[in-house]
Amino acid sequence: MAFKRITGAAVMTAMLMVPVSRAHAGDEFVGGLVGGLIGGAIGSGIANQQRQKTRTTRTRTVYVQPRATSAQRQTAREIQTSLNYFGFNAGAADGVLGGQSRAAISRYQGYMGYPATGQLTEYEKTMLLGAYHRALAGGAEVNQIIAKSNEGARAVLIAQRDGTTGTRTTGYAGLPLSVSQAVDEVADSSDPSAEQLLQRSGFIQLADLNGDGSTDYIIDTALAGSSFWCNASQCKTMVFASTSDGYRRNDLLLHAPKPDSFDCIGGTCQVKAAPAAQPEANTMMAKAEEPEAGATAGLTLPVFNTAPKQKSLSSHCSKVNLLTSANGGFTTVSDVSNPDFALSEQLCLTRTYAVARGEDIIASVQGASQAAIEQQCDAFGASMAGYIGSLNSKSPKAVLNEVSTLVLNSGMTPEQLRTTAQICMASGYQSDKMPAALGGALLLTALGERPYAELVGHHLHGGFGTDDNADMALAWYEVAISALDGGAAPVFAPSQAERIDVVRKAALGLAGHDVTTPVPAASTGSTMPVFTLSE
């Protein structure tokens with residue numbers, strides 16, 4: 001009873017000692033203090049009563065997670081290495097599947113169409129490790145899988161999941177197997193992938209050429225953009241005519257084929273003979289005008305509205321990934337004998353990371369289809385075209401200052417701009433549209449994410465989306481390298497500690513510098529604002 005009286009007095013004293021002037025302004029503080037005292041007093045009283053009534057011994061079971069065996073840690077390291085190889089950043093391969101590794105597993109699961117739980121099932125683990133060892137083994141089959149896809153090394157994951165090989169066993173959606181195999185054949189000799197060729201208007205034409213009621217197919221190889229199928233005046237046209245035993249292929253030389261260009265009987269087709277041109281009745285030939293004095297007589301040059309062919313980064317990376325696999329892995333610092341190839345490897349690696357990061361963000365965008373996102377990113381790329389066009393004539397400082405003005409006048413928050421840039425980078429790389437991809441890298445660099453300047457350097461080095469310029473490429477590499485040397489967090493392959501040294505050495509070698517000389521610190525002097533963006 002004495003204890004209760006003392007406790008009650010303490011509570012009342014505490015309540016009376018609170019200044020009146022703070023009673024209103026500090027209600028939360030007072031309430032917390034009083035509540036704590038009251039709760040403590042009640043708790044102590046109840047505890048005393050219980051101790052007086054009975055003394056109970058409580059037993060607590062503690063579960064201790066068993067230490068991972070060396071075999072388990074080795075399996076975890078192999079999982080992390082495989083995830084990193086395919087572009088799902090799991091961090092350092094330390095054998096501990098922590099938060100970063102679980103996030104990488106979720107991205108892998110989402111990419112493969114599995115539930116994104118962050119915990120690998122035995123099947124998912126077998127699929128991942130099997131694809132990794134298959135990719136490392138290389139060979140003609142793996143090289144063919146990678147070369148035919150714009151997904152790079154990840155194509156091996158899909159092949160492992162679907163049980164496919166480099167030899168097509170099923171046709172593209174809606175196409176007979178023989179036609180699909182011919183599409184692959186054309187893709188093997190040209191930059192566009194088979195999927196990109198199928199999207200080109202006129203590459204495949206459908207018609208009933210032999211009148212049997214079945215659809216026949218015409219492939220115009222001229223639209224592949226490769227001289228492999230063409231001579232000086234004509235290109236090979238593949239005509240697949242239906243028969244009772246499937247489709248028969250006819251290889252014919254023709255320019256701009258149309259369904260009415262062929263005569264087909266059964267499975268055999270030939271080019272129709274061109275009718276001789278006859279002048280119309282009562283039509284007089286016009287007399288040619290005499291050339292003016294000083295003019296070149298008889299000179300009639302055809303004028304073609306042509307545009308320079310844009311280099312395909314997707315195709316380039318397919319070839320680079322194939323060579324990287326054949327070489328047993330990425331170029332290391334001690335083995336930079338071919339600076340051009342080493343930088344190409346790093347471009348394709350950073351592209352993979354940019355796509356993966358953008359895909360994660362796109363997955364959280366509500367109510368927007370892939371087509372709608374691509375359309376908006378096309379507009380974004382067009383708005384960045386002026387800045388991209390100045391990359392070959394202006395220093396990084398000048399370009400970034402101009403982009404910083406866009407940032408300030410955009411009316412968007414830094415986080416909105418950052419999200420837009422990452423989404424459009426991914427969309428641009430996926431659809432092989434360099435203005436959106438390169439524009440995203442420029443915008444992120446201007447937002448203070450200096451390591452993204454490496455991507456700008458890669459584009460200038462390879463000539464993707466802009467003219468190739470080794471000196472300007474080096475200047476942008478310096479911006480990224482200086483930031484990383486200064487402690488900036490890496491955004492590409494953070495677990496590969498020596499990767500930026502490969503870029504440093506290869507960039508200097510490409511520009512004709514002594515590769516033993518370290519890259520000088522970048523001095524952009526940019527006055528743009530640097531934003532700290534929330535994750």
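Predicted model: local features only at pLDDT ≥ 70, side-chain atom pairs only at ≥ 80, totals over all residues.

Trainee: OK, what is the mean pLDDT of the protein chain?
Mentor: The mean pLDDT is 76, and 73% of the residues reach 70 or more.

Trainee: And which elements have the lowest and the highest mean pLDDT?
Mentor: Helix α3, residues 27–53, has the lowest at 39, while strand β2, residues 216–220, has the highest at 94.

Trainee: In what order do the four strands of the open sheet come?
Mentor: The order is β1-β2-β3-β4, and the pairing is antiparallel. β1 (204–207) and β4 (246–254) are at the edges with a single partner strand each, so one side of each has no neighbour in the sheet. From one strand to the next the twist averages 20°.

Trainee: Which helix packs on the sheet?
Mentor: That's α9, residues 177–188, which touches β1, β2, β3 and β4. Its direction makes about 170° with that of β3.

Trainee: Back to the pairing. How many bridges join β1 to β2?
Mentor: Four bridges join β1 to β2, with alanine 207 standing opposite aspartate 216 in β2. β2 and β3 are joined by four bridges too, and there isoleucine 218 has valine 239 in β3 as its bridge partner. Between β3 (residues 235–243) and β4 there are nine bridges. Serine 242 stands opposite tyrosine 247 in β4.

Trainee: How many residues of β2 are buried?
Mentor: Five of the five, so β2 is largely enclosed by the rest of the structure. In a regular strand the side chains alternate between the two faces of the sheet. In β2, Asp216, Ile218 and Asp220 point one way and Tyr217 and Ile219 the other way, and all are buried.

Trainee: What about β5 and β6, how do they run?
Mentor: They run antiparallel, with four bridges joining β5 (residues 262–265) to β6 (residues 268–271). Isoleucine 265 has threonine 268 in β6 as its bridge partner. The hairpin has two residues between the strands, and glycine 266 takes a positive phi near 65°.

Trainee: Switching to helices: how far does α5 reach from its first C-alpha to its last?
Mentor: α5, residues 99–112, has 14 residues and reaches 20 Å, close to the 20 Å expected at 1.5 Å a residue.

Trainee: Which residues of α5 are buried?
Mentor: Ser101, Ala104, Ile105, Tyr108, Gln109, Tyr111 and Met112 are buried. They cover an arc of only 160° around the axis, which puts them on the same side of α5. An α-helix has 3.6 residues a turn, so residues three or four places apart point the same way.

Trainee: And what follows α5?
Mentor: Glycine 113 does, with a positive phi near 85°.

Trainee: Next, is arginine 154 buried or exposed?
Mentor: Arginine 154 counts as buried, at 3% relative accessibility. It's in helix α8, residues 154–162. Leaving out residues up to four places away in sequence, arginine 154 touches Phe86, Gly87, Phe88, Tyr111, Thr352, Ala356 and Glu359. One of these, Tyr111, is also among the buried residues of α5.

Trainee: And where is alanine 489?
Mentor: Alanine 489 is in the loop between α19 (470–485) and α20 (499–510). At 56% relative accessibility it counts as exposed.

Trainee: What does alanine 489 touch, not counting residues up to four places away in sequence?
Mentor: Pro451 and Leu484. Alanine 489 and proline 451 are 38 residues apart in sequence, and their C-alpha atoms are 7.9 Å apart.

Terms used. Residues numbered from 1 in each chain as written. Heavy atoms only, no water. Pairing = 2+ DSSP bridges. pLDDT = per-residue confidence, 0-100. Axes fitted to C-alpha atoms, helices over the stretch in contact; angles between N-to-C directions. Contact = heavy atoms within 4.5 Å. Expected span 1.5 Å × (residues − 1). Buried < 20%, exposed > 50% of the residue type's maximum accessible area, 1.4 Å probe, protein only. Arc of directions from axis to C-beta.
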